[in-house]
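Keep the viewer open as you read.

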Amino acid sequence: MTGAVIAVGALALPAAAQEDTKVIGVSIPAATHGWAGGMNFHAQQAVERLEEVYPQLDFVLATASDAGKQVNDIEDMIATRNIDALVVLPFESEPLTAPVQAVADSGAWVTVVDRGLSVEGIEDLYVAGDNAGFGRVSGEFMADALPDGGKIVALRGIPTTIDNERVEGFEAAIEGSGIEVLGMEHGNWNRDDSFTVMQDFLSKYDSIDAVWASDDDMAIGVLAAIEAAGREDIQFVLGGAGMKEMIARTRDNDPMVPANVTYPPAMIATAIELTAVGLTSTAPVSGEFTIGSVLVTPENAAEYYYPDSPF
């Protein structure tokens, strides 16, 4: 996997010395937007495949449309399934921190994916994209595309630690470039929310040079708002995460989508598989697994276009 770096600790998950079945709980957000849809697809595929590979493992997969439902799912996994490990992609960081801490306190292994918890050190394994790098690559492209500076607006995702990391990386990359961020609001990685946010930006600012949408679903909402308003001042919109529709537009030299930044939803499968390996072997898997972000341009877009992908 391009840009993957793994840092392992000295300890592994408990080896499967006993013959009893071990249970891995997987708790993830529902497919509320494209990236999450791809993540759900890869989670289900990983569970089905690993159940065949590891007959001594059972998997409990639960999806939640909000943080409260996810908390209930995790509490139910502890109470009714006595899980040995939890793989969790938090819907939001703050509400999930205490429940996941309770899982860790019960003695179960904890793998956190993508959206970190609000307290460090709870998880045994963290699997994610390079969010600071995602923001940095996005900011570097923006600075290169607007060499004389310019006025931009930006959309943030759901309030999480990864959103903070992305924004910090982006802001550091454009510092000193002459780019002015007119406004920055949460689009919540949602097309409809981002359409509304962009409508507000368009009514507030008479001239905008470019938009950092920071996610492909949000970019689609932004592009729809621009088209509906008939605005021609905006040169381009930069999304991210590698949605096949957006990669195709970059590949085909769409001037409004000149680039993309990768952030693969298949990282959930990496997390589930590493957890399974740890429960069934003595392989050391604690630590961090970071999947680097790559700038996609018309020149390399074909390498990142997967027509059979659900995302």
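Is Phe134 buried or exposed? In this predicted model, Phe134 is buried, with a relative accessible area of 1%.

**Aromatic pairs**

The chain has five aromatic pairs. In one of them, Phe134 meets Tyr263: the ring centres are 5.8 Å apart and the planes stand at 80°, so this pair is edge-to-face, a label that needs an angle over 60 degrees. Phe134 sits in helix α4 (residues 131-145), whereas Tyr263 belongs to the loop between β11 (260-261) and α9 (267-280), so the pair ties together parts that are 129 residues apart in sequence. Tyr263 also counts as buried, at 2% relative accessibility. Another pair joins Phe201 and Tyr205, and its geometry is tilted, with 6.2 Å from centre to centre and 35° between the planes. Phe201 and Tyr205 are both buried.

Here are these two pairs in brief:

| Pair | Centre distance | Plane angle | Geometry |
|---|---|---|---|
| Phe134 and Tyr263 | 5.8 Å | 80° | edge-to-face |
| Phe201 and Tyr205 | 6.2 Å | 35° | tilted |

Trp35 comes into the picture too: together with Phe134 and Tyr263, Trp35 forms one aromatic cluster.

**A glycine in helix α5**

Now look at Gly169, which is placed in helix α5 (residues 161-174). Gly169 counts as buried because its relative accessibility is 13%, and the cut-off for buried is under 20%. Which residues does Gly169 touch, leaving aside its neighbours within four places in sequence? They are Ala132, Gly135 and Arg136. For Arg136, the C-alpha atom lies 4.5 Å from that of Gly169, although the two residues are 33 apart in sequence.

**The chain as a whole**

Stepping back, you will find nine helices and 13 strands. The radius of gyration is 20 Å, which agrees with the value near 19 Å that a compact globule of 311 residues would have. Along the principal axes, the C-alpha atoms fill a box of roughly 65 × 35 × 35 Å. Of the 311 residues, 54% count as buried. Among contacts with a separation of 6 or more, 76% are between residues 24 or more positions apart.

Conventions: Residues numbered from 1 in each chain as written. Predicted model: local features only at pLDDT ≥ 70, side-chain atom pairs only at ≥ 80, totals over all residues. Heavy atoms only, no water. Helix = DSSP H or I, 4+ residues; strand = E, 2+ residues; numbered from the N terminus. Rg over C-alpha atoms; globule rule 2.2 N^0.38 Å. Buried < 20%, exposed > 50% of the residue type's maximum accessible area, 1.4 Å probe, protein only. Contact = heavy atoms within 4.5 Å. Phe/Tyr/Trp six-rings, centres within 6.5 Å; stacked < 30°, edge-to-face > 60°.
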